[in-house]
Amino acid sequence: MRGLVSHRALSSLLGLLGLVAAFVLTTAPPARAGESVFIEVTPNSVQAGSRVNLRAGCDNSNNRQAQVTSDAFGRVSLRSDNGFLTGSVTVPGNKAPGDYPVNLDCSNGNTASTMLTVLNMAQPSKGPATGGGGTAGSRGTGSLLLVGGLVAVAVVAGVSARRKPGGRG
């Protein structure tokens with residue numbers, strides 16, 4: 001009798017779980033393919049003073065303008081372009097380095113956000129120290145070495161041409 005009770009309890013429990021699963025599946029709204037809300041910043045790490053491209057999706061509102069705001073660059077309006085919302089903006093050259101949130105506000109009330117990293121790498125004030133640059137322009141040490149080398153090659157070639165065996169005898 002004990003096996004029969006356990007079998008009935010298990011059967012009732014499985015039936016109850018099946019009813020709960022059916023209720024959850026029938027009451028959840030169906031997801032529609034292709035819908036999404038997002039914002040992309042390309043590139044997502046830039047030097048202050050550089051331009052970034054913005055691309056966004058606002059579910060079914062990609063045919064209407066959307067606003068993007070960030071402390072990195074201010075406010076930008078995105079326009080419809082091939083099924084997406086796009087735009088571009090320049091990060092000011094004096095923007096402090098750091099991570100800045102980029103927020104999308106869609107016309108239908110949806111929102112999304114991402115991060116933009118602003119870099120502030122020091123720009124070199126002059127070229128790297130790679131030598132005297134003697135062969136580039138004036139007659140410095142490099143030019144003298146080049147001319148001297150050519151003269152040495154010519155002398156060696158002339159001497160070896162005179163000493164060829166089998167010549168006059």
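Leaving aside its neighbours within four places in sequence, which residues is Leu78 in contact with?

1. On the basis of the notes: this is a predicted model, in which local features need pLDDT of at least 70 and side-chain atom pairs count only at pLDDT 80 or more, while totals for chains, interfaces and linings use all residues. Residues are numbered from 1 along each chain as its sequence is written, and side-chain values use heavy atoms, with hydrogens and water left out.

2. On Leu78: once its neighbours within four places in sequence are set aside, Leu78 is in contact with Ile39, Leu54, Ala56, Gln65, Ala66, Val68, Leu85, Thr86, Gly87 and Leu104, where contact means heavy atoms within 4.5 Å.

3. Strands here are DSSP runs (E, at least two residues), numbered from the N terminus, and buried means under 20% relative accessible area, exposed over 50%, and partly exposed in between, with a 1.4 Å probe and protein chains only.

4. On the disulfide (a pair of cysteine sulfur atoms within 2.5 Å): the structure holds one, formed by Cys58 and Cys106 with their sulfur atoms 2.0 Å apart. Cys58 lies in strand β3 (residues 51–58) and Cys106 in the loop between β7 (98–105) and β8 (111–119), so the pair ties together parts that are 48 residues apart in sequence. The link is left-handed, with -80 degrees about the S-S bond, and both Cys58 and Cys106 are buried.

5. On the salt bridge (a side-chain nitrogen of Lys or Arg within 4 Å of a carboxyl oxygen of Asp or Glu): a search of the whole structure finds one, in which the side chains of Arg55 and Glu40 meet at 3.0 Å, N to O. Arg55 is in strand β3 and Glu40 in strand β1, 15 residues apart; Arg55 is partly exposed at 32% relative accessible area, and Glu40 is likewise partly exposed, at 34%.

6. On Asn62: this residue sits in the loop between β3 and β4 (66–70) and counts as buried because its relative accessibility is 15%. The Asn62 side chain reaches the backbone oxygen of Gly83 at 2.9 Å.

Technical notes. Helices (H or I, at least four residues) and strands (E, at least two) are DSSP runs, numbered from the N terminus. A polar contact is a pair of N or O atoms within 3.5 Å; within protein, one must be able to donate a hydrogen and the other to accept it, and residues adjacent in sequence count only if both atoms are side-chain atoms.
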